[in-house]
Each structure stands twice: as C-alpha cells, then as structure tokens.
Amino acid sequence: MIDTLLATLEREAEAEIARVMDDARARVAALNAASDDRIAVERGALLGVREARARAELERALAAARAAARGRVLAARTALLSRVFQKLEEQLPRVAESAEYRARLAAQIEQLMPFAGGQPVTVRCSPDLAPALRAAVKTNGRSRIQPDAGIAAGFRLTTGDGVLEIDATLEGRLERLRPELALEALGALAP
C-alpha cells in the first residue's frame, strides 16, 4: 500500500509538475506575444516618425528644386524678352522712316491737338522726322516743329505752358505696349 500511495503521490506530483510547466509555457507565450506586440507598435511608431521626416525632407528638396527651375525659366524668359524688345527698339528708326508711318503723321498730330485746348504746341521729334513733319503738318502758327536728338523715333507734343506733354514716340508706345506684347510673345512660345 505504501507503494501504491507513493506511486499515486508520484503521479499526482508529475501531473502537478506538468500543469505548472504548461501554465509557465502559457505565460511565457503570452509574455512573448505581448512583447512582440509592443515591439511591433514601437517599431511602427519609429518607422512612422522616420518616414514622416524623410517625406518632409523630400518635399523640401522638391520645393527647392521646383523653385530653382522656375527661377531658371523666369530668367530665360526675361532674357528672351529683353532680346526681343532690344531688337524691336533697334527697328524703331526704320519704322519711323517708312512711308506708312509718315503718311499718318498729320492725322496723329491732329488727333492730339484737341488735348492742347487751343494752346500753341511744340512738336519735338527725331531729327530725321522733322522735315516730314514740317511738310505734313499745317502749323498755322499754333505749332512749332523742333528736332530733338534725344528722340530716336516719333515725336512728343508739348503745350506752350508745359503743363501737358504727350509722348507719341515709338519708344514710348513700345514701352506702354510692353506688358501686352510680352504676354503675347510668351503665349506664342507656350506649347
């Protein structure tokens, strides 16, 4: 009977040991799972932070590259427009020498005379244009044609009291049309 009792105690002890070992294994597995979950969460958070920093750095680099590219495009467009307007300005004396331009001189001055309010006017013009203006405009003592070497093409009409000056030079007209012409030129370049 003692043998049976010892055998029973031994079986119960082994069963208890097996149960304790199973509980310990279950706890270890639960701790490992919880640890793995915590590590995954922390890894995800760390990767999220790193990814956000990398994305922000990439966005900054892209923005800087885009700004630099826009700056280069703007500089190229500005240089192109400068060359275009320089060529146009070089052609203004030739335009002032054209028969079409000279044929319209008298009409241009007559259109501007009402702004003088009946006052005598001085028409300053490029020296090459003075003879054509004298021939085209009937001064009737109200107008005086005065060559001005500072004017490349066209004329300026000034009232006798100096209060009003109308810039009808081709340079002045080109400068007033510059924004519109620049937009048209850039529009023609766009694909």
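Beyond its neighbours within four places in sequence, T122 touches R144, Q146, R156, L157 and T158. The residue belongs to strand β1, which covers residues 121–125. With a relative accessible area of 17%, T122 counts as buried, because the cut-off for that class is under 20%.

These details come from a predicted model, so a word on confidence is welcome here. The mean pLDDT of the protein is 85, and 98% of its residues reach 70 or more. Among the elements, strand β3 (residues 154–159) has the highest confidence, at a mean of 90, while helix α4 (residues 130–136) has the lowest, at 83.

Turning to the helices, α1 (residues 2–97) packs against α5 (residues 170–189) with the two axes 10 Å apart and at an angle of about 135°. The pair is therefore oblique, since angles count as roughly antiparallel only when over 145 degrees. The crossing of α1 past α5 is right-handed. On the α1 side, the contact is formed by R77, L80, L81, S82, F85, L88, E89, L92, V95 and A96. Helix α5 contributes L170, E171, L174, R178, L181, A182, A185, L186 and L189.

Key
Residues are numbered from 1 along each chain as its sequence is written. This is a predicted model: local features need pLDDT of at least 70, side-chain atom pairs count only at pLDDT 80 or more; totals for chains, interfaces and linings use all residues. Side-chain values use heavy atoms; hydrogens and water are left out. pLDDT is the predictor's confidence in each residue, from 0 to 100. Helices (H or I, at least four residues) and strands (E, at least two) are DSSP runs, numbered from the N terminus. Axes are lines fitted to C-alpha atoms, for helices over the stretch in contact, and angles run from 0 to 180 degrees between N-to-C directions. Angles under 35 degrees count as roughly parallel, over 145 as roughly antiparallel, 65 to 115 as roughly perpendicular and the rest as oblique. A crossing is left-handed if the near helix is turned anticlockwise from the far one by less than a right angle, and right-handed if clockwise. Contact means heavy atoms within 4.5 Å. Buried means under 20% relative accessible area, exposed over 50%, partly exposed in between (1.4 Å probe, protein chains only).
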